[in-house]
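Morning, everyone. Please bring the model up on your screens, and we will walk through it.

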Amino acid sequence: MPGPKLTRLELQIMDALWSRGEASIREVQESFPEKHRPAYTTIQTTVYRLEAKKVLRRVRKVGNFHIFAPSVSRASAQRRLVDDLLALFGGRSQPVMMHLVESGKLTLEDVKEAEKALKRLEREGKS
């Protein structure tokens, strides 16, 4: 079952939590570059929405603020994003792969790693 869909800001907040393990709203806000840092209340509202989506949770209270930790793994969120992207192409990966190749973002090493993973999955499927 795919996790909830996350907005760009939600993903940036989750990235801060995945990197730190756990953090307060202020620590999350301060993890943004100063030039493009959202207001504290914007981060706070978004964190509470993520909590409602069960993507993060309160782990403890320190003084008058809460510490939050991710409930969803980075890998799970990435899988959801890739699934959503592929859905835009009717589930076909070829157009995405061609774009990655043509833009130079897919290396021969990436292809070799993908080939290893495919072979491993094929072996596991046969056993």
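First, a term: contact, or touching, means heavy atoms within 4.5 Å. Two notes on the source. This is a predicted model, where local features need pLDDT of at least 70 and side-chain atom pairs count only at pLDDT 80 or more, while totals for chains, interfaces and linings use all residues. Residues are numbered from 1 along each chain as its sequence is written, and side-chain values use heavy atoms, with hydrogens and water left out.

Start with Glu10. Not counting residues up to four places away in sequence, Glu10 touches Lys5, Thr46, Arg49, Leu50 and Lys53. Glu10 is found in helix H1. Helices here are DSSP runs of H or I with at least four residues, strands are E runs of at least two, and both are numbered from the N terminus. Is Glu10 buried or exposed? Buried, with a relative accessible area of 4%. The cut-offs: buried is under 20% relative accessible area, exposed is over 50%, and partly exposed is in between, with a 1.4 Å probe and protein chains only.

Stay on H1 and go to Trp18. Trp18 is buried too, at 18% relative accessible area. Beyond four places in sequence, Trp18 touches Leu11, Pro70, Val72, Ser73, Arg74 and Ala77. Now take Val47, 29 residues from Trp18 along the chain. Their C-alpha atoms are separated by 14 Å.

Next, the core. A nonpolar core is a set of buried Ala, Val, Leu, Ile, Met, Phe, Trp, Tyr and Cys residues joined through side-chain atoms within 4.5 Å. The largest one has 18 residues. Which of them touch the most other members? Ile13, Met14 and Val28. Three helices each supply at least two residues of this core: H1 (8-20), H2 (25-30) and H3 (40-52). H1 gives the most, with five residues. As a general point, nonpolar side chains in soluble globular proteins tend to be buried together. Take Ile13 as one example. Leaving aside neighbours within four places in sequence, Ile13 is in contact with Val28, Phe32, Ile43, Thr46, Val47 and Leu50.

Now the sheet. Two strands pair if DSSP finds at least two bridges between them. Three strands form an open antiparallel sheet, in the order E1-E3-E2. E1 (23-24) and E2 stand at the edges with a single partner strand each, so one side of each is left without a neighbour in the sheet. E2 (residues 56-62) and E3 (residues 65-70) run antiparallel and are joined by six bridges. Leu56 stands opposite Pro70 in E3. The hairpin of E2 and E3 has two residues between the strands, and Gly63 takes a positive phi there, near 65 degrees.

On E1, look at Ser24. Ser24 is buried, at 5% relative accessible area. Its contacts, not counting residues up to four places away in sequence, are Phe65, His66 and Ile67.

Most residues other than glycine have a negative phi. Lys54 is not a glycine, yet has a positive phi of about 65 degrees. Where is Lys54 found? In the loop between H3 and E2. Lys54 counts as exposed, at 65% relative accessibility.

On a 1 Å grid over the protein atoms alone, a cavity is a set of points where a 1.4 Å probe fits but cannot get out; a pocket is an open set with protein on both sides within 12 Å along at least five of seven lines; lining residues have an atom within 4 Å of a point. Grid points are joined across faces, edges and corners, and a volume is the space filled by probe spheres set on the points.

The largest pocket has a volume of about 270 Å³. Val82, Leu85, Leu86, Ser93, Val96, Met97, Leu100 and Leu106 line the pocket. Helix H4 (74-88) and helix H5 (94-102) each supply at least two lining residues.

How many cavities of 30 Å³ or more are there? One. The largest cavity holds about 30 Å³ of space. Its lining is Gly3, Pro4, Leu6, Val72, Ser76, Ala77 and Arg80.
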